[in-house]
Amino acid sequence: MHEFYFHDRGEMKIEYYENFFSSLSSSTHENWQSGFYDTLRDMFEHPAHGDYAKWKNAVTQIPDRPTSYHLFDQPVVQVGEINELDKSQQQAVENALLTLIPWRKGPFNLFGIEIDTEWRSELKWQRIQSHLPNLSNKCVLDVGCGNGYYLLRLLGLGAKQVIGVDPSLLFLAQFTAITKNIRPTVNAYLFPLAFEQLPRQLKNFDCVLSMGVLYHRRNPHQHLNLLFRHVAPGGVVYLETLIVEESYRNELIPENRYAGMRNVWSIPCA
């Protein structure tokens, strides 16, 4: 996959991804374009949530204030500094962020405004980071990425390109709000679709992450098969999940209970 850049990260519409599709190499273009573009376009034309217009408007209300300041390698993902906005602009940002609650993954700091999220995602990241390979110049897929907190942390580890997939339009709005003013634009993309809607066999990611997803799947074996279909030769799938320490079947398909211990699995691909 090639590097690509948005013309305007502040727009929640199909044009948000135009450069992505136009930049694909000939070897990957067909897989991505085969019906996927139409699925994505239909999602924006017929959004499946009544608050989509409100969230889209909130993102638009964040002032266009390009900033080169960002920290992705710290527990709090930071974008912009407090002195880059005047008081009225800061108030506009704060109002927009409040419109986009609830914020689950995080924490974030946008132009000095702290976003104290519901989940302490930096604690999970501390457990996972030591298991990850060297991501320098690598392409990474995060399945069930939420609002993109881990996408930015992956960039902080040196990944060349990160792609997230999560069907929530609220998460897309939050990710867009955080990243819209970063210049040069970050090489990270969030597709607001179900994982199963991705092209079936991309085979071009060096690392695929599935964190806190497996135990939500009705058919976890199918989820594992789909993960491996997207991994490049020599790549790795990383699973972070809740398990029970019993038989193999119960670890993947718990009967009469939902959660147990939390583990991280890394599975190399041939």
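**Figure 1. P184 lies in the loop between α8 (169–179) and β7 (188–191)**. Helices (H or I, at least four residues) and strands (E, at least two) are DSSP runs, numbered from the N terminus. The model shown is predicted: local features need pLDDT of at least 70, side-chain atom pairs count only at pLDDT 80 or more, and totals for chains, interfaces and linings use all residues. Residues are numbered from 1 along each chain as its sequence is written, and side-chain values use heavy atoms, with hydrogens and water left out. The peptide bond that joins R183 to P184 is cis, with omega about -5 degrees.

**Figure 2. I101 and P102 are joined by a cis peptide bond**. Omega of this bond is about 5 degrees. P102 belongs to the loop between α5 (87–99) and β3 (108–110). Most residues other than glycine have a negative phi, and most peptide bonds are trans.

**Figure 3. F111 has a positive phi although it is not a glycine**. The value is about 50 degrees. F111 sits in the loop between β3 and β4 (113–115). Is this residue buried or exposed? F111 is buried, since its relative accessible area is 1%; buried means under 20% relative accessible area, exposed over 50%, and partly exposed in between (1.4 Å probe, protein chains only).

**Figure 4. N137 has a positive phi and is a residue other than glycine**. Its phi is near 65 degrees. The loop that holds N137 runs between α6 (121–129) and β5 (139–143). N137 counts as exposed because its relative accessibility is 53%.

**Figure 5. Strands β8 (residues 205–211) and β9 pair in the parallel sense**. The pairing has six bridges; two strands pair if DSSP finds at least two bridges between them. Which residue of β9 is the bridge partner of M211? The partner is E240. From β8 the chain passes through helix α9 (residues 220–229) to β9, a β-α-β crossover that is right-handed. Right-handed means that, with the strands pointing away from the viewer, the path from the first strand over the helix to the second runs clockwise. In strand β9 (residues 231–243), 11 of the 13 residues are buried.

**Figure 6. C145 and C207 are both buried**. The relative accessible area of C145 is 0%, and C207 has a relative accessibility of 1%. How many disulfides does a search of the whole structure find? The search finds zero, a disulfide being a pair of cysteine sulfur atoms within 2.5 Å.
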